[in-house]
Amino acid sequence: MADPMKIRANMAGDKVEVKVLMSHEMETGQRKDAKGATIPAWFIQNVTATHNGKTVLAAEWGPAVAKNPFLSFRFAGGKPGDKVVITWTDNRGEKRTDEATIA
Amino acid sequence: MNCSRRKVLKGTGGMAVLGLAVAAGLFKPGSAWAEWNKAAFDTKSLNDAVKALGGAGATESKDITITSPDIAENGAVVPFTIASKVPNTAAVAILVEKNPNILAANFEIPQGTEPWVNTRVKMGQTSNVIALVKTSDGKFLYASKEVKVTLGGCGG
């Protein structure tokens with residue numbers, strides 16, 4: 001099981017600014033190991049963020065997103081105490097869901 | 001699907017259960033969400049990427065700004081902020097022209113979310129980086145910026 005995401009959600013004016021740090025190898029499938037064999041690609045493909053059940057961001061990623069991905073975005077309509085739930089799925093079908101409270 | 005197992009494992013708080021219910025709804029096999037646009041991520045040029053994302057062509061726009069270092073010392077981690085002032089921005093994509101596959105990430109921006117994303121991508125070599133914006137009526141606009149890379153982040 002992958003490590004938990006670090007999520008921060010803070011009010012920035014009337015919007016909520018969300019910062020997420022995920023823990024993932026994001027292997028490109030381009031690299032080779034010491035024996036010359038290609039290391040298979042392993043990366044997060046889908047990321048969704050929801051607030052009160054409404055999707056506030058949906059992303060599709062390729063292997064070009066950096067290792068241990070960082071993502072930041074802002075949405076309207078949130079207030080302190082609300083929860084933001086973030087889920088990712090990688091190309092091996094592994095998933096991870098974490099949540100944060102808006103401060 | 002072993003969703004029920006996950007529920008038992010992780011359903012500790014009330015909100016966690018709600019989150020899982022949402023997740024379970026989204027993760028139904030064959031649902032649109034679980035699909036990943038492989039065709040778009042296999043493309044090699046801006047035009048092909050636009051086509052794979054459902055557009056005919058893209059025009060340059062001054063309403064899209066790319067904020068990034070001009071020179072990236074480490075191509076494995078290059079931070080980008082993409083902001084769009086294009087009305088009705090529905091999606092923002094980051095493309096790196098000289099990477100093995102051009103499309104790095106595609107963000108769908110629902111109503112209420114600011115057309116502003118900040119993330120970090122890998123760059124194999126010095127290249128133009130393109131921010132591609134899709135509007136809700138299906139138009140594609142882009143802006144590009146050259147980023148010099150001292151050390152590539154793709155090969156080994």
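1. Let's start where the two chains meet. In this predicted model, the contact draws on 37 residues of chain A and 38 residues of chain B. On the chain A side, the elements that each supply two or more residues are β3 (44-51), β4 (54-61), β5 (70-76), β6 (83-90) and β7 (95-101). What kinds of residue make up that side of chain A? They divide into 15 nonpolar, 14 polar and eight charged.

2. Now follow one strand across the boundary. β5(A) is joined by four bridges to strand β7 of chain B, residues 113-121. The two strands run antiparallel. For an example you can find in the structure, take Phe75(A): its bridge partner in β7(B) is Thr113(B).

3. Next, have a look at the largest nonpolar core, which has 62 residues. Which residues have the most contacts inside it? They are Val65(A), Ile94(B), Leu95(B) and Val121(B). Strand β5 of chain B, residues 89-96, gives the most to this core, with six residues.

4. Val65(A) deserves a visit of its own. Leaving out residues up to four places away in sequence, Val65(A) touches Met26(A), Phe43(A) and Ile44(A) in chain A. From chain B, Val65(A) touches Ala104(B), Ala105(B), Thr119(B) and Val121(B).

5. Is Met26(A) buried or exposed? Met26(A) counts as buried because it has 23 C-beta neighbours inside 10 Å. Its backbone is worth checking too: phi of Met26(A) is near 50°, a positive value in a residue other than glycine. Most residues other than glycine have a negative phi.

6. Asn68(A) shows a positive phi as well, near 50°. You will find Asn68(A) in the loop between β4 and β5 of chain A. Here the surroundings are as follows: Asn68(A) has 15 C-beta neighbours inside 10 Å, so it counts as partly exposed.

7. Finally, turn to Asn10(A), in strand β1 of chain A, residues 6-12. Asn10(A) counts as partly exposed because it has 13 C-beta neighbours inside 10 Å. Which residues does Asn10(A) contact, leaving aside its neighbours within four places in sequence? Those contacts are with Glu17(A) and Ala103(A).

Methods:
Residues are numbered from 1 along each chain as its sequence is written. Chains are lettered from A and ligands numbered from 1 in the order in which they are written. This is a predicted model: local features need pLDDT of at least 70, side-chain atom pairs count only at pLDDT 80 or more; totals for chains, interfaces and linings use all residues. A residue is buried if 20 or more other C-beta atoms lie within 10 Å of its own, exposed if 12 or fewer, and partly exposed in between; C-beta atoms are placed from the backbone. Two residues are in contact if their C-beta atoms, placed from the backbone, lie within 7 Å. Ala, Val, Leu, Ile, Met, Phe, Trp, Tyr, Cys and Pro count as nonpolar, Asp, Glu, Lys and Arg as charged, and the others, Gly among them, as polar. Two strands pair if DSSP finds at least two bridges between them. A nonpolar core is a set of buried Ala, Val, Leu, Ile, Met, Phe, Trp, Tyr and Cys residues joined through C-beta atoms within 7 Å.
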